[in-house]
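Colleague: I have not seen this structure before. Could you take me through it by question and answer?

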Amino acid sequence: MDLPRLEVLGLIVLPLIGAVLVAAAGARRREEVRWIGLGTALVSLVLSMHLAAQFMHIERTPADAKRLTFQPHFVPGSPGTFRDPGVGLDRTDQHGTSWTLLDLGQGAVQFYVGLDGLNIWLVVLTAVLSVSAVLISWNVIEERVNEFYAWLLALQTAMMGIFLAFDIVLFYVFFEFSLVPLFFLIGIWGGPERRHAAGKFFIYTIAGSLIALLGLISIVLACKSGNELTFSIPRLVELVQQRVAFSAEERAYWTAVPSFGEIVRVWLGRLRPEEAPERWGGVMFWVFIALSAGFAVKVPLIPLHTWLPLAHVEAPTAGSVLLAGVLLKVGAYGFLRLCVPLAPDASLAVGLPLINMLAAIGIIYGALCSYAQDDIKKLVAYSSVSHLGMCMLGLFALNAAGLAGGLMQMINHGLSTGALFLLVGMLYERYHTRKISDYGGMSTRLPLLGAFMVFVCLTSVGLPGLNGFIGEALILFGSFEQQYVTSQQFPWFALAGAAGMVLGAWYLFTMLQRVFFGELKEPVVVGHHSHEPIRDLNPRELCAIVPIMVLCLVIGVYPQPMLDTIRPDLETVSRIVDKAREREVERAQRQAPVDLAAKRQEEQP
Amino acid sequence: MNHPPLAPSIASQLAGVFDLAWPETLLVLVACVLFLGATFRSNRHFWGGIALAALVLAGGLLWSTVQQRPVRPPDGVLPLSFDAFAVFIKVVALVGGVVLVLFSWDEVSDALAAEYYACLLIIIAGLMLTGAANDLVVLFLALELISIPTYVILYLQRTDRAAQEAAVKYFLLSVFSTAILLFGFSYLYGLSGTTNLVSMVDALTHTAETDAGRLPLLPVLALVALVMVVAGLGFKITAVPFHFYAPDVYEGTSLTSAALLAFVPKVAGFVSFFRLLDFILPQRGPTPGLALGAQATILFWILATMTMTVGNILALLQDNLKRLLAYSSVAHAGYMLIGLAVAPKLAGQDVVGGVEAILFYLVSYGAMTIGAFAVLAYLSTPEHPVDTVDDLAGISRSHPGIALLMALFLFSLIGMPMTAGFLGKFFLFFGALAVPVDQARLFYGLVLIGALNAAVGAWYYLRIIAAMYLRTPIRPIEKPRAWPNLVALWICASLTLGLGIYPQPLVKATRTAVGGTANQVSQREGENVLPAVAAND
């Protein structure tokens, strides 16, 4: 096995080994435990950087420009072989590996991991934030230190696994496994309401993800044919495209989407599904609904977001950083990797209006809630609702610009909100309060922290020249293009996004003004650190925060390499959606040929 | 009705039967020795060692039988079968027996040890026979071989009022359900004219062709038989509405007996279902005969929905751990019933079928539930029994290893990935969603209800985990280490985790077990049912 494949494997396995080592080290050896944790996180960071560097140098083949499915690189155990039942010969499996986990006869669940344009930067993001999470917890966590770092590293494994997985069951396994470490991180080392927060977080997410599991199984079974049963995501995406192109009946079976009115009428009993089978039974519709249920909780989209502020506020700083920085992206990533490619027609017909609307409401609602908070952490938590709404707005513009913006926003939000939580954590470590009204003029007291906070707020707001701007601008382009140019409606969604940006500046700068500027108002320090004088950032904290800020700046000034790496795979997704658009037009023509003919006559007087 | 040709060579044909039952015979013989020996010596280590040795020896006998005789499908003559399915159940029973003996090692008193282990051995023998039964009478006797020693065990370990209530309740309801089951059996016999299961299925599937015009009531009689059998066996698997005894009995008995009750009757009940309900598989032949595929599916659909919903919702209200685990066992029976509802629709399909899924689930359920009870037993002392969720508060600080194992079992019961519980649910859902499209809508609903139930179930298991990890200890628990219990715990834990990460061996075994019955179907009908095993090789 060559080096990059080993490195991909290392990204998943190393943190797990680190977790076991740390857990075995015992609660007494605090220093060793911390250093093992840091070492593991650093090695992962180096691996991910090295992989990203290699990935950027991969030559694109002309075939890439026509692909309708994903093509992961650096797959351990690849190429896999399988016995072709038709010919009776061994064939190379383009969409699989030789590492089989569970053989079900016709198909197998495989340990199929790899890198492509969609996940490479998310993997790097995870590695960067993990290092910061370890550093920020250095002195804060003093109880059950080894358990803490064990769960933290286990969480890193789960997050890496989610992003790297190209097998649908493997994806789900990591997706759901990520709940366990986070449950303990919030529940044991969290704030006063930690037990409630941990439980709520767990139940919300597991309820959604169990429904998503049904969707995943359904799509696997719907793609099952004759002797083939596959769990590989690229193969499934390819199969869906083949099936839909196969025949008109097959297309109707897959793509039929009931209108909202029809759903309500069926629900009320006014319409029997049997009366309109070709409009009711579409596989994609149900798969989309099921997968959305799981991922929307994770994003979180607006009516399902109530677990988030609680979990964020109660979690220890490291937990908040990873939760906001990485785990919220898992929902959006799920939409991008699974929901849209596997159910493109339903994403267009249902997802586009529904999710965009929820996202737009979320942007405004999150921003207003954010402004109303007196707790800095809660403010940042609600700002995540708003920013993730932006991200979903971009993804569900379902065009090249919007998708690119959505993916960039995932990474940028991970960096800037991760940094915000880090800084809030550092402030809390010093004064043990997070109430905005307790603070005032802190930048005279802590000039470095204040300056960093200003910088991070600017990235989060989307100042041109910093990373936030790139993603948000692309999202607004995409959303505007979709609604105004493609659908020829008033661009409400882009407007909501723009309003969100303005509101974001409003609440973040208000917070900055109250906490860091104005008259000095230092909270009374309580707690066990009270005998030490309050100092500005120490080297350890600088190590945690500075790399993130450097990345923010680099991405903001020169985003082109990053956009270039993600473009081919995003184009794959947008090609899939374009095919669905064509089908939608065709469906509309078939259903209302007369109207269209009349319209055409009107247009040509 | 076509009777199988029995009369001339009945003696010569039955001669070989005992060869098939050597392990069970050995267990029962050792049990007799234990009953007698109890009068001479009371030492739990001694008798426990003998019971363990007997189980291992029975395993050896089983192994040598498998080596000598080819595994073959049940025929229309012998009352016992020796197919892959029977071997699978026997192995499960023996492993379960070993775990239960180890688990009980320090839980039974010296004075009662011999009787306790004797009863346990008979129960295991009964379970093994249930798996092999190919005759209504043998099946009934095997089930009684499980029930009657269970009454004794329930009364043996505790004699306080709660235990008396539990034993009496279990006894009366069990006898009642047995009567109902027997009533159903009598209808089956009346319909088919034979007690041999293979002949019975043959007769039932061919009856309607010739007699449908003459005897229009036959399907109704078959329906009565079906309902009675389901009611009788529903008691054993704690299906709602036959579950009422479970919480009271679990609470009123010792932890070992509760673990036994949660595992053995459930396996026995589901195994009997598989053996008996062959007759409802509608895809069998060109004519359905008296097959009740459609009706049985609806019946199991309703039963599954009620069982998991009631089990989970009532478990939410419990503070007592035994009651909580009792309702949890009800809920898990509900999940497994999904497989039973699906099984008739999936016959002949080569993805994960309902029966394989249930077999996988039974093994993983056994490991995690016995494991959870074993943890409670490990932490309990006679003065301070671990009764309520609060008693487990802060265990992670005082017993980190044990808390981790308990968390593993509970996460598995929730169905988290990388544990056996996840794959059990995954296979059940997979099977239910694999139903051919024309009948699928019914099952989409069932699976959705199952998924929501699993989410509800997560809450009460999570409460226990939260108590162990997120709370501070209320009182210290001091107990000397009980090594046999620890070994039992480790067996359960390694099964739970091992099957969660590398399930291939068990999946293969379940497919072979069920593939055996699929082959026998194809042999009988002369049609080519797709053999799942062949595709696997």
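Colleague: What is the mean pLDDT of chain B?
Modeller: This is a predicted model, and confidence is given residue by residue. In chain B, 85% of the residues reach 70 or more. The mean pLDDT of chain B is 83.

Colleague: Over which residues of chain B does pLDDT stay under 50, with 35 contacts beyond four places in sequence?
Modeller: One stretch under 50 is residues 282-287 of chain B, but the model has 16 such contacts there. Where pLDDT is low, the predicted coordinates should not be read in detail. The stretch with 35 contacts is residues 516-537 of chain B.

Colleague: How much area do chain A and chain B bury between them?
Modeller: The contact involves 43 residues of chain A and 42 residues of chain B. Of the buried area, 77% is on carbon and sulfur atoms. The total is about 3,700 Å².

Colleague: Which element gives the most to the side of chain A that touches chain B?
Modeller: β3 (100-103), α5 (168-177), α6 (179-189) and α7 (194-222) of chain A each supply at least two residues to that side. The residues there divide into 29 nonpolar, 5 polar and 9 charged. With 15 residues, the element that gives the most is α7(A).

Colleague: How many salt bridges does the rule find across the interface of chain A and chain B?
Modeller: Polar contacts are counted separately, and 3 residue pairs have them, both residues at pLDDT 80 or more. For salt bridges across this interface, the number found is 0.

Note on methods
Residues are numbered from 1 along each chain as its sequence is written. Chains are lettered from A and ligands numbered from 1 in the order in which they are written. This is a predicted model: local features need pLDDT of at least 70, side-chain atom pairs count only at pLDDT 80 or more; totals for chains, interfaces and linings use all residues. Side-chain values use heavy atoms; hydrogens and water are left out. Contact means heavy atoms within 4.5 Å. Buried area is the accessible area (1.4 Å probe) that two parts lose on being put together, summed over both. A salt bridge is a side-chain nitrogen of Lys or Arg within 4 Å of a carboxyl oxygen of Asp or Glu. A polar contact is a pair of N or O atoms within 3.5 Å; within protein, one must be able to donate a hydrogen and the other to accept it, and residues adjacent in sequence count only if both atoms are side-chain atoms. Helices (H or I, at least four residues) and strands (E, at least two) are DSSP runs, numbered from the N terminus. Ala, Val, Leu, Ile, Met, Phe, Trp, Tyr, Cys and Pro count as nonpolar, Asp, Glu, Lys and Arg as charged, and the others, Gly among them, as polar. pLDDT is the predictor's confidence in each residue, from 0 to 100.
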